[in-house]
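Subject: Structure for your review

Dear colleague,

Please find the structure below, together with its sequence. My notes on what was found follow it, and I would be grateful if you read them with the structure open.

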Amino acid sequence: MEEMEEELKCPVCGSFYREPIILPCSHNLCQACARNILVQTPESESPQSRRASGSAASDYDYLDLDKMSLYSEADSGYGSYGGFASAPTTPCQKSPNGVRVFPPAAPPPPAALVPPPPPRSACLTCPQCHRSLGLDERGLRGFPRNRLLEAVIDRYQQGKAAALRCQLCEKAPKEAAVMCEQCDVFYCEPCRLRCHPPRGPLAKHRLVPPAQGRVSRRLSPRKISTCTEHELENHSMYCVQCKSPVCYQCLEEGKHASHEVKALGAMWKLHKVRRGLRPATVMLRSVPQENSVEFEACLVAQCDALIDALNRRKAQLLSRVNKEHEHKLKVVRDQISHCTVKLRQTTGLMEYCLEVIKENDPSGFLQISDALIRRVHLTEDQWGKGTLTPRMTTDFDLNLDNAPLLQSIHQLDFVQMKVSSPVPAPPILQLEECCTHNNSATLSWKQPPLSTVQVEGYILELDDGNGGQFREVYVGKETMCTVDGLHFNSTYSARVKAFNKTGVSPYSKTLVLQTSEVAWFSFDPSSAHADIIFSNDNLTVTCNSYDDRVVLGKTGFSKGLHYWELSIDRYDNHPDPAFGVARIDVLKDAMLGKDDKAWAMYVDNNRSWFMHNNSHTNRTEGGITKGATVGVLLDLTRRTLTFSINEDQQGPVAFENLEGLFFPAVSLNRNVQVTLHTGLPVPEFYTSRSAVP
């Protein structure tokens with residue numbers, strides 16, 4: 001019975017219907033709410049006069065006369081128009097259900113001061129289907145009253161469930177007074193005093209009002225590390241001047257640059273040996289032994305640092321796996337929620353129909369039967385249109401490449417720790433800080449810890465991603481650099497060298513980096529038009545303007561095969577959104593494809609067109625509706641651009657001979673909202689076509 005509640009509430013006031021009337025479009029309204037949203041229009045602008053003159057084909061054509069949006073970021077998606085193009089508008093208010101309604105008109109001024117107005121007729125816009133309905137001389141009395149709906153509401157309210165009850169009362173459960181979050185039990189006041197005393201082991205439990213429910217709290221213990229300034233680093237060295245242990249991060253920050261620093265294990269053993277005074281000859285004999293101990297301790301500290309870095313990287317990779325897991329669960333939950341809402345609405349309509357069948361009033365039944373049958377047929381026709389195919393696979397598209405790291409471990413060897421010449425020592429690439437993201441690579445390096453030669457700068461070199469020659473990509477003093485604009489699904493080799501006034505150091509060991517096979521990206525707020533509104537971590541966009549506005553993706557493509565999809569979250573059949581690719585300097589205040597910087601497909605609810613430089617080509621049948629999915633496939637190997645709607649390819653290849661740097665792009669206005677999905681495999685219709693010789 002609870003699923004039926006939406007069918008029993010007015011879309012304007014949000015409460016149960018009071019004196020409901022049946023509109024010609026089969027929807028219901030409270031009589032008072034219908035009176036509030038009535039609009040007075042000139043006789044020449046009324047729907048009846050327009051039908052008589054043949055200036056409009058259907059009731060929906062009147063929506064085009066007034067471009068005032070009924071949708072905003074604050075309302076629920078329903079609204080009523082404030083008049084036609086030639087009629088004066090009235091400031092509107094919002095109902096508790098989010099629908100815009102109009103207050104009663106102010107009393108007219110004296111007739112002597114104002115000339116008589118032209119003849120006017122009343123018009124009513126259904127807040128659910130937005131159909132404009134004209135009233136005859138009887139006004140609202142011309143619409144029949146739905147007494148059957150009133151009877152169903154009375155029975156529903158009588159059988160509605162009572163308040164939350166105690167779960168521990170043995171006979172007649174009393175109304176619950178509190179709920180324990182830890183026990184997850186509702187208690188009335190006597191049962192709480194008897195079963196949940198305020199003293200003893202239950203005293204620390206949190207009791208909240210029943211309506212508040214349970215609140216889950218997760219407390220993660222703070223990790224305690226050895227170094228007081230750097231939580232993730234262990235003490236591995238000892239500063240002789242400061243007489244305190246330090247970590248490698250302390251040395252990198254230069255806090256002990258001019259101090260004498262030794263290995264922690266060596267100083268520990270040395271202080272043990274120097275507990276008493278000994279002759280100078282004994283100390284001279286112990287120098288080789290002390291040097292050996294210091295070198296051994298330094299080696300152990302460096303290996304321990306590598307192990308710590310590997311453990312941190314392991315934690316980061318596990319975190320990425322967990323994020324991927326949460327992302328897949330979120331997609332599945334969103335699809336389940338969508339299907340649940342659709343099922344709940346259909347179940348509510350079905351229960352309402354069953355209640356109508358139970359009525360014994362023949363006139364009341366025949367009064368609404370035709371309208372109810374139309375609603376059932378419409379719901380049945382629309383049931384199979386929504387896609388129920390899972391949008392997310394259970395497989396993880398992650399593959400850990402540990403070959404470069406194993407190669408570096410096998411190549412680990414001793415180098416000259418203390419250089420005698422003023423030429424800098426080769427820098428050390430920090431594997432734990434080097435990474436790739438999409439088509440960019442971040443590299444970090446440092447000088448050997450015991451090197452004292454001054455360094456003026458560094459030179460970072462990368463090959464072409466195909467085993468070719470190295471080229472300089474950075475020259476400067478920084479020890480970290482991010483290189484953008486690399487090719488997707490390519491393997492790059494990187495190396496770095498240091499220089500000063502004396503000369504240039506040898507190269508560091510070569511590091512192999514693999515860019516992503518597919519692109520993961522979101523929309524770019526920095527390059528979008530100011531009217532674009534972002535949400536969902538910049539994956540969902542809409543617009544607060546009636547004009548077309550353009551937004552680009554964050555990642556540009558110049559090589560490879562790339563595919564992404566955009567799901568239509570909101571669409572009211574009037575605007576023409578466009579999807580495709582564009583240059584970075586494309587016009588942001590015009591529809592995509594109006595200039596020569598964009599290649600796009602724009603669609604309505606029936607057809608789609610390909611457009612570039614304001615030239616339309618290849619009109620195809622098949623438009624979009626709310627819930628549809630638009631696919632964009634950019635193949636820069638074949639230099640082509642292909643589109644699909646709901647995994648059906650739209651016409652032939654849309655554009656050919658594409659060359660250069662392209663960014664994913666969308667143009668939309670206020671009545672459209674889309675969500676971006678990236679990192680997707682190439683669709684079957686394209687892979688099967690590629691397999692044909």
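Is arginine 549 buried or exposed? Arginine 549 is buried, at a relative accessible area of 11%; here buried means under 20% relative accessible area, exposed means over 50%, and partly exposed lies in between (1.4 Å probe, protein chains only).

Two remarks on the source come before the rest. This is a predicted model, in which local features need pLDDT of at least 70 and side-chain atom pairs count only at pLDDT 80 or more, while totals for chains, interfaces and linings use all residues. Residues are numbered from 1 along each chain as its sequence is written, and side-chain values use heavy atoms, with hydrogens and water left out.

Salt bridges

A salt bridge is taken as a side-chain nitrogen of Lys or Arg within 4 Å of a carboxyl oxygen of Asp or Glu. The count by this rule is 19 salt bridges. Helices (H or I, at least four residues) and strands (E, at least two) are DSSP runs, numbered from the N terminus.

One of the salt bridges joins arginine 375 to glutamate 7, with 3.1 Å from N to O. Arginine 375 belongs to helix H8 (residues 362-383) and glutamate 7 to the segment before strand S1 (20-22), so this pair ties together parts that are 368 residues apart in sequence. Glutamate 7 is buried, at 17% relative accessibility.

Arginine 549 also takes part in a salt bridge: its partner is aspartate 531, and the closest N and O atoms are 2.9 Å apart. Aspartate 531 is in the loop between strand S21 (511-514) and strand S22 (532-535), and arginine 549 is in strand S24 (residues 549-552), so the pair ties together parts that are 18 residues apart in sequence. Aspartate 531 is buried as well, with a relative accessible area of 19%. Elsewhere, salt bridges that share partners join Arg155, Glu355, Lys358 and Glu359 into one network.

A further salt bridge lies within a helix. The closest N and O atoms of glutamate 189 and arginine 192 are 2.6 Å apart. These two residues are three apart in helix H4 (residues 189-195), and about one helical turn separates them. Glutamate 189 is partly exposed at 36% relative accessibility, whereas arginine 192 is buried at 15%.

Aromatic rings

A pair of aromatic rings is described by the distance of the centres and the angle of the planes. Rings of Phe, Tyr and Trp (its six-membered ring) pair if their centres lie within 6.5 Å; planes under 30 degrees apart count as stacked, over 60 as edge-to-face and the rest as tilted. This rule gives eleven aromatic pairs.

In one of them, the ring centres of phenylalanine 16 and tyrosine 156 are 5.8 Å apart and the planes stand at 55 degrees, so the pair is tilted. Phenylalanine 16 is in the segment before S1 and tyrosine 156 is in helix H3, 140 residues apart, and the pair links these distant parts of the chain. Both phenylalanine 16 and tyrosine 156 are buried.

Tryptophan 445 and tyrosine 458 form an edge-to-face pair, at 5.8 Å centre to centre and 65 degrees between the planes. Tryptophan 445 lies in strand S16 (residues 440-446) and tyrosine 458 in strand S17 (residues 457-462), so parts that are 13 residues apart in sequence are tied together. Tryptophan 445 is buried at 1% relative accessibility, and tyrosine 458 is buried at 7%.

A charge sits over a ring if NZ of Lys or CZ of Arg is within 6 Å of the ring centre and within 35 degrees of the ring normal. The charged end of lysine 9 sits over the ring of phenylalanine 16, 5.7 Å from its centre. Arginine 495 lies over the face of tyrosine 507, 3.8 Å from the ring centre.

Two strands pair if DSSP finds at least two bridges between them. An open sheet of three strands has the order S9-S8-S10, and the pairing is antiparallel. Its edge strands, S9 (185-187) and S10 (207-208), each pair on one side only. S8 and S10 are joined by two bridges, and leucine 207 in S10 is the bridge partner of cysteine 180.

Yours sincerely,
A colleague
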